[in-house]
Amino acid sequence: MPRPISVLIVDDHPVVRQGLRALLQVQDGIEVAGEAGDADAALALAAEHAPDVILLDLKLPGMDGIAVLGELQARQSAARVLVLTSATEPASASLAVRSGAAGVLYKDVDPDALVRAIRAVHDGHLLLAPEAAETLLRSGNWSWGGLDALTSREREVLAELAKGRSNREIARALHVSEKTVKAHVSAVLAKLGVQDRTQAALFAVRHEQGA
């Protein structure tokens, strides 16, 4: 039997934390590693329990969620961070993803959808609320015609990027070397006119949706 997905809940509202704990405790294959009401407690618990997924609110007392994301990256945390926020300002989702979040959802999300999202980001996928995806897509320097310039192999690499996979995982999936994957990724970014892997993944998601 696989090990349960451990989740750390980070929100400054006790009622929200209690509700999330109640939801997650009854899910098969998920366990709550702990709760934190501020950034310092969140970082301490993340270091102590090494959770698989961190549910992170952006509005925290003192150090905010974006700063927490930056600190987690600085500490090379392996946790996948799913931002769950009421902050719907256009810049918030974009900044969260660019700061290392594996997903952004809003607090009005359906409970079942939230559980699916936790499983998805744990599996390595990038997951965004539709509104957040639209914001990111509008904010970047997108070159929608660039897809035609990709080779068949580069399209395969782009598809793997959209799944949130690392170069090593892509190399294993496509039976090529990591060095070859790195070269393909660089080519994909250049041809699509995007700055990083996240933007490339969003490009792929948007194209798959027929937008």
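Begin with the open sheet: select its six strands, which run in the order S2-S1-S3-S4-S5-S6 with parallel pairing (strands are DSSP runs of E, at least two residues, and helices runs of H or I, at least four, numbered from the N terminus; two strands pair if DSSP finds at least two bridges between them). The edge strands, each pairing on one side only, are S2 (30-36) and S6 (127-128). The model is a predicted one, in which local features need pLDDT of at least 70 and side-chain atom pairs pLDDT 80 or more, while totals for chains, interfaces and linings use all residues. Residues are numbered from 1 along each chain as its sequence is written, and side-chain values use heavy atoms, without hydrogens and water.

Next, select S3 (residues 53-56) with S4; four bridges join them in the parallel sense. Here Leu55 stands opposite Leu82 of S4.

Keep Leu82 selected and display its contacts (heavy atoms within 4.5 Å). Not counting residues up to four places away in sequence, Leu82 touches, among others, Ile54, Leu55, Val104, Leu114 and Ile118.

Helix H3 (65-74), strand S4 (80-85), helix H4 (90-98) and helix H10 (197-208) each supply at least two residues of its lining. By class, that lining has 11 nonpolar, 11 polar and eight charged residues (Ala, Val, Leu, Ile, Met, Phe, Trp, Tyr, Cys and Pro count as nonpolar, Asp, Glu, Lys and Arg as charged, and the others, Gly among them, as polar).
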